[in-house]
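Here are my notes on this model, point by point. Please read them with the structure open.

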Amino acid sequence: MTVHAKNKTALSNSEVAERLDELADRLDAQQANGFRVRAYRTAAETIRSLEGPVAELVESEGMDGLTRLPGIGPSLARTITRLTRSRRVPLLERLRRDTMPEAMFATVPGIGREMAARIHEATGIETLADLETAAYDGRLSRVPGIGPKRILAVRESLASRFRRRPEPARRMAMSDNSIEPPVDHLLSLDKEYREKAASDRLPRIAPRRFNPTGVAWLPVWETQRGEDRYTVMYSNTARAHELGAVHDWVVIYCRTAGPAAQWTIVTSQFGALKGRRIVRGREAECRRYYAASNADGEQSPVARTLFSSESW
């Protein structure tokens with residue numbers, strides 16, 4: 001049996017590198033030691049440039065194989081080993097709960113605290129990988145006060161930070177419905193999560209942000225659909241708390257598609273979709289989806305063919 005056969009769902013080199021980059025971004029936003037931040041970025045570049053799969057290196061040579069690579073010491077080797085074997089790193093999960101998106105965006109030259117807050121409010125994006133995607137797919141250009149020069153500066157700054165040239169074609173494709181899951185797939189995850197959360201059938205965590213009493217209130221659901229693994233939870237962002245929408249906004253992360261693969265589901269407050277659950281940023285698709293459904297939300301055979309999650 002080959003290593004590949006034993007670990008079919010192992011993260012690719014680019015996925016491991018993206019998670020290391022995200023660790024660096026979130027630590028940087030918390031003003032962590034600069035050497036530590038650079039260490040994660042260096043390790044990301046090393047993994048990204050490997051000729052063979054890092055998962056196979058871990059299985060065949062263990063941590064010794066990793067520490068022989070440039071810029072990777074024992075601590076980083078343990079993190080990478082955990083990523084390749086379990087796809088998870090507790091530090092990253094904690095930082096995702098604790099680091100405000102606005103703080104990360106404000107580390108990008110040309111984006112101050114006020115502009116960072118405006119970006120998050122207008123787009124709902126949560127990570128620097130999201131910010132880079134938004135700089136290419138048109139969302140950033142719709143934020144008041146951001147013009148072509150600033151967008152170009154954001155692209156170049158993030159490309160330099162990630163120590164690579166940007167990949168507009170690949171990242172723009174993330175908005176293509178042939179790559180992203182269809183909206184009915186995401187809406188079904190949202191519905192099942194809220195039902196499980198309401199019936200108290202999910203484990204609860206105690207987020208550090210906006211939780212001075214330390215109570216474990218946030219239900220978290222880990223699930224798998226085919227080869228894709230999802231983490232679903234209510235939004236614990238500053239904006240959700242400000243609008244009283246914490247128990248309305250649901251964030252879905254696809255853990256097998258990199259840090260940029262996340263969606264926020266909300267209840268629409270206006271227009272033809274008022275009162276409907278929608279995927280933020282994909283309102284047009286939601287309109288088509290609901291238009292193909294009857295008043296009870298049941299779909300016709302034609303609609304089921306058009307929007308079937310099973311075909312994704």
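This is a predicted model: local features need pLDDT of at least 70, side-chain atom pairs count only at pLDDT 80 or more; totals for chains, interfaces and linings use all residues.

1. A cut-off comes first: a residue is buried when its relative accessible area is under 20%.

2. Overall make-up. The protein chain holds 15 helices and six strands. Of its 312 residues, 49% count as buried. Contacts between residues 24 or more positions apart make up 55% of those with a separation of 6 or more. The chain exposes about 15,400 Å², and carbon and sulfur atoms supply 51% of that area.

3. The sheet. Six strands form an open sheet in the order β1-β2-β3-β4-β5-β6, with antiparallel pairing. Its edge strands are β1 and β6 (277–279), each of which pairs on one side only. At the β6 end, three bridges join β6 to strand β5 (residues 262–267). There V266 stands opposite I278.

4. Neighbours of β3. What joins β3 to strand β2 (residues 218–225)? Six bridges do, and the two strands run antiparallel. R225 stands opposite D228.

5. Helix α3 (residues 34–48). N33 caps the N-terminal end, with a side-chain oxygen 2.8 Å from the backbone nitrogen of F35. The buried residues in α3 include V37, Y40, R41 and I47.

6. E45 pairs with R48, the closest N and O atoms being 3.6 Å apart. Both lie in α3, three residues apart, about one turn of the helix. E45 is partly exposed at 23% relative accessibility. R48 is partly exposed too, at 24%.

7. A salt bridge across the chain. E192 meets R225 with the closest N and O atoms 2.9 Å apart. This pair links distant parts of the chain: E192 is in helix α12 and R225 in strand β2, 33 residues apart. E192 is partly exposed at 28% relative accessibility. R225 is partly exposed as well, with a relative accessible area of 27%.

8. Two positive phi values to check. R87 has a phi of about 65° although it is not a glycine. R87 sits in the loop between α5 (74–86) and α6 (90–98). Is R87 buried or exposed? R87 is buried, with a relative accessible area of 9%. D200 is another such residue, with phi near 60°. Its place is the loop between α12 (183–198) and β1 (204–205). D200 is exposed, at 53%.

9. Charged contacts around D200 and beyond. The side chains of D200 and R204 meet in a salt bridge, 3.1 Å from N to O. R204 counts as partly exposed at 35% relative accessibility. Elsewhere, salt bridges that share partners join D190, R194, D248 and R277 into one network. The count for the model comes to 15 salt bridges.

Definitions and conventions: Residues are numbered from 1 along each chain as its sequence is written. Side-chain values use heavy atoms; hydrogens and water are left out. Two strands pair if DSSP finds at least two bridges between them. Helices (H or I, at least four residues) and strands (E, at least two) are DSSP runs, numbered from the N terminus. Buried means under 20% relative accessible area, exposed over 50%, partly exposed in between (1.4 Å probe, protein chains only). A polar contact is a pair of N or O atoms within 3.5 Å; within protein, one must be able to donate a hydrogen and the other to accept it, and residues adjacent in sequence count only if both atoms are side-chain atoms. Contact means heavy atoms within 4.5 Å. Accessible areas come from the Shrake-Rupley method with a 1.4 Å probe; for residues, only the protein chains shown count as cover. A salt bridge is a side-chain nitrogen of Lys or Arg within 4 Å of a carboxyl oxygen of Asp or Glu.
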